[in-house]
Amino acid sequence: MTPDELEAARDRLVPDVVADGLRVLFCGINPGLMTAATGHHFARPGNRFWPVLHASGFTPRRLQPSEQHELPGYGLGITNVVARASARADELSDEEYREGGRLLAEKVARLRPRWLAVAGVTAYRVAFGDKRARIGPQERTIGATRIWALPNPSGLNAHWTLATMAEEYGRLRAAAYADADG
């Protein structure tokens, strides 16, 4: 992909991968330019979402971004806090995050996933006005949907390794599957 092709993807919208009643609806911050250019979520090669999804046990094999359409078959989906694509999350305003949180809450109320998993605790804090949120399950719910703040899988997030990220995503997986049994 050339720099011009990536730049041409700025502000594009990327369709959600969703269905009613998912076990977990993963929520990115916003689409990156590679995602917008390809139409596939978490498409940048350095992004660890797809490897972590597999390493944590959510999928039986490592899916490629182009296979995102398989996620609903596993009870999973993907959306974003902010819909418009940008090169970096710091290009988004707090107002965009807050409006994105409002729209996300409406989407979650309509789709009714068991869990909303926001991949980026800072984005979650701004979008939902919860300055004290930490990685893990949150007290807030949207209807019956519980919320879990996850580490951002971006390769730029050096605080989390693939292994520690897979462990946290695995905690969510255990909770999501325990919910279904009880």
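In this predicted model, Glu95 and Arg98 form a salt bridge in which the closest N and O atoms are 3.4 Å apart. Both residues belong to helix H4, where 3 residues, about one turn of the helix, separate them. Glu95 has a relative accessible area of 48% and is therefore partly exposed, and Arg98, with 43%, is also classed as partly exposed.

**Salt bridges**

- Side chains of opposite charge can pair when their charged atoms come close, and a search of the whole structure finds 13 salt bridges.
- Arg61 forms a salt bridge with Glu67, with 2.8 Å between the closest N and O atoms, and another with Glu70, for which the corresponding distance is 3.4 Å.
- Which of these side chains are buried and which are partly exposed? Arg61 has a relative accessible area of 35% and so is partly exposed; Glu67, at 17%, falls under the 20% cut-off and therefore counts as buried; Glu70, at 25%, counts as partly exposed.
- A network of salt bridges links Glu7, Arg10, Arg88, Asp90 and Glu91.

**The sheet and the helices that pack on it**

- Strands of a sheet pair through backbone hydrogen bonds, either parallel or antiparallel.
- In this model, 5 strands form an open sheet with mixed pairing, and their order across the sheet is S2-S1-S3-S5-S4.
- Which strands are at the edges of the sheet? The edge strands are S2 and S4, each of which pairs on one side only, and from one strand to the next the twist averages 25 degrees.
- Strands S3 and S5 pair in the parallel sense over 5 bridges, and Val118 stands opposite Ala149 in S5.

**Aromatic pairs and charges over rings**

- A search of the whole structure finds 7 aromatic pairs.
- Phe26 and Phe58 have ring centres 5.3 Å apart and planes at 85 degrees, and the pair is therefore edge-to-face.
- Phe26 is part of strand S1 (residues 24-28), whereas Phe58 is in the loop between helix H3 (49-55) and strand S2 (76-80), so that their pairing ties together parts of the chain that are 32 residues apart in sequence.
- Both members of this pair are enclosed by protein, since Phe26 counts as buried at 1% relative accessibility and Phe58 counts as buried at 2%.
- Trp115 and Trp148 form another edge-to-face aromatic pair, with 5.5 Å from centre to centre and 65 degrees between the planes.
- This tryptophan pair links distant parts of the chain, because Trp115 lies in strand S3 (residues 115-119) and Trp148 in strand S5 (residues 145-150), 33 residues apart.- Trp115 is buried at 0% relative accessibility, and Trp148 is buried as well, with a relative accessible area of 3%.
- Ring pairs join Phe26, Phe42, Phe49, Trp50, Phe58 and Tyr169 into a cluster.
- Which charged ends sit over the ring of Tyr177? The charged end of Arg23 sits over this ring at 3.9 Å from its centre, and the charged end of Arg173 sits over the ring of Tyr177 at 4.5 Å from its centre.

**A buried loop residue, Ala133**

- Ala133 is found in the loop that runs between helix H5 (121-128) and strand S4 (136-142), and at 2% relative accessibility Ala133 counts as buried.
- When residues up to four places away in sequence are not counted, Ala133 touches Val121, Tyr124, Arg125 and Gln138.
- One of these contacts, Val121, is 12 residues from Ala133 in sequence, and the two are 7.0 Å apart in space, C-alpha to C-alpha.

Definitions and conventions. Residues numbered from 1 in each chain as written. Predicted model: local features only at pLDDT ≥ 70, side-chain atom pairs only at ≥ 80, totals over all residues. Heavy atoms only, no water. Helix = DSSP H or I, 4+ residues; strand = E, 2+ residues; numbered from the N terminus. Buried < 20%, exposed > 50% of the residue type's maximum accessible area, 1.4 Å probe, protein only. Contact = heavy atoms within 4.5 Å. Phe/Tyr/Trp six-rings, centres within 6.5 Å; stacked < 30°, edge-to-face > 60°. Lys NZ or Arg CZ within 6 Å of the ring centre and 35° of its normal. Pairing = 2+ DSSP bridges. Axes fitted to C-alpha atoms, helices over the stretch in contact; angles between N-to-C directions. Salt bridge = Lys/Arg side-chain N within 4 Å of Asp/Glu carboxyl O.
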